[in-house]
Amino acid sequence: MRRARFRRTRRAGAVTLASALTLTALAACGTSSSSDDDGDNGSGNSAKADPAAPLDPKTKVSITIDCMPPAAKAAELRQWNEDVKEFNKKYPNVSIKGRSTPGQCLEPPRFTAMLKAKSQPDVFYTYFTDLPQVLDNDGAQDITAYVNDKSVPLLKDIDPDVLSSLKKDGKLYGLPTSNYRMGLLINRKLFTEAGLDPDTPPETWEEVRTAAKKIADLGGGVAGFGEYSAANTGGWHFTAQMYSLGGDVVDASGKKAAFNDATGKQVAENLHAMRWDDDSMGKTQLLKWGDLQKQIATDKLGMFLAAPDDVTYMVQQLGAKYENFGMGPIPGGENTLAGGNNYMIKQGISADKVKASIAWLNFKFTTVGKGQYDWKRSKADALPVGLPQPNLWLNGSKTKDDAARKEFATMPVENFKAFTDNPVPGKAEPPKAQEIYKVLDNVMSGILTNKDADIGKLLSTAESQVNKVLATQ
């Protein structure tokens, strides 16, 4: 989901880096156009340049990029600055101008306005689900000809499922920075107190129901299993549960709803039973992203569907301890909802700017042992190391990166063994995801707030509404 994917890094403040690089922090992501030349010579006609040729070291190029870490995230910003300095040793002709953003880095209304105004920076941050909107606004450069095993040496080792989220009609429009696949996050303390084995989280929804009841029976206001039902997060998780049982919310044509079937009824009926028959989901409902994290971090919730980086949020923002959490694959195990983040490059900038942008993205985000994958440095900076995701890698790159994560881990990596040892195929979010999730919120809220909910009617009403949403494509 557009982590409007619900959990986003808080962006605030700015910094100036005094070096061969000029680093400019602006007040808002995408508030000014990157079409300004900034005195560089990279504004030529990209159509006349050879995309496969390396960047000419004599050509001075300046690129703007958004979602630079804010001053409030001192360690991350320090690493960004260090990486820029290291990058400039090889590319002294490239000046990177970073932009920090107060609040949420990628707020949907601001993102949409930015695309319509063509005011995105040269390199702009997006979610996996944003490609259709970006292309509808002619916002991203086709970088297929620029990306190869020379410009991105580990290209062959990047998970093709991740890269596919950045492709349309065989053309590549960006490079990934992170990814996630949803699993079952558990509170190990509550599992142990309930007589459950925290090293073997439930693998089926029947097992989830049984474990949830045991945890809820501990009393003291503890819920066994939690779910969202507001702010589009309920629909997000309904989709994840459909995927886990081999179902879908939109058919293969992308034009019709597909959840009003036996699988949809199974998901809805199981949640209704846990909520009302077992009383294992707590009495407070209409929850959204952030609510379940607070519950599980304070030992008031046994488990919920999440991505691994929820743990970092709970430790850094809520004062929880890494050792109190574990993770298993999504129950059902047929598919799991997958998503992530990436950078795209603005349509119409010069070939030299495109090449410089790809060089920076490769250094910072797609090189094992460098940039965001320098786990030794992250440990020294007291940043989390050891979570199973983000992890873009396959083949030898995965082996190397996994070994480094384990060597420099700042948390008990064995707590995530059930998740890493049992990978579930990732499935992308549906078209018109946010609009569909908003409709499906009504299904989730109906189930969880009304003991006498008519599940058939909830699903059929949502089906009709989603069909209308899909008809507007």
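Strand β7 (residues 123-127) and strand β15 (residues 336-345) pair in the antiparallel sense over 5 bridges in this predicted model, and within that pairing V123 has I345 of β15 as its bridge partner. In a regular strand the side chains alternate between the two faces of the sheet. In β7 both of these faces are covered, with V123, Y125 and Y127 buried on one side and F124 and T126 buried on the other, so that 5 of the 5 residues of the strand are buried.

From the strands we turn to the nonpolar cores. In soluble globular proteins, nonpolar side chains tend to be buried together. Here the largest nonpolar core has 73 residues, and F225, F238, F259, M303, V311 and M314 are those with the most contacts inside it. Helix α15 (residues 433-449) gives the most to this core, contributing 9 residues. Apart from this core lies another, of 57 residues, which includes V61, W80, V84 and F87.

Two members of the largest core, V311 and M314, are also among the buried residues of helix α10 (residues 309-318), which are D310, V311, T312, Y313, M314 and V315. After α10 comes G319, which has a positive phi, near 75°. As for F259, once neighbours within four places in sequence are left aside, its contacts are F238, M242, D248, V249, G264, L440, L459, A462, E463 and V466.

A word on confidence is needed: the protein chain averages a pLDDT of 89, and 89% of the residues score at least 70. Over residues 2-47, however, the pLDDT is below 50, although this stretch has 154 contacts in the model beyond near neighbours in sequence.

Note on methods. Residues numbered from 1 in each chain as written. Predicted model: local features only at pLDDT ≥ 70, side-chain atom pairs only at ≥ 80, totals over all residues. Heavy atoms only, no water. Buried < 20%, exposed > 50% of the residue type's maximum accessible area, 1.4 Å probe, protein only. Helix = DSSP H or I, 4+ residues; strand = E, 2+ residues; numbered from the N terminus. Core = buried A, V, L, I, M, F, W, Y, C linked by side-chain atoms within 4.5 Å. Contact = heavy atoms within 4.5 Å. pLDDT = per-residue confidence, 0-100. Pairing = 2+ DSSP bridges.
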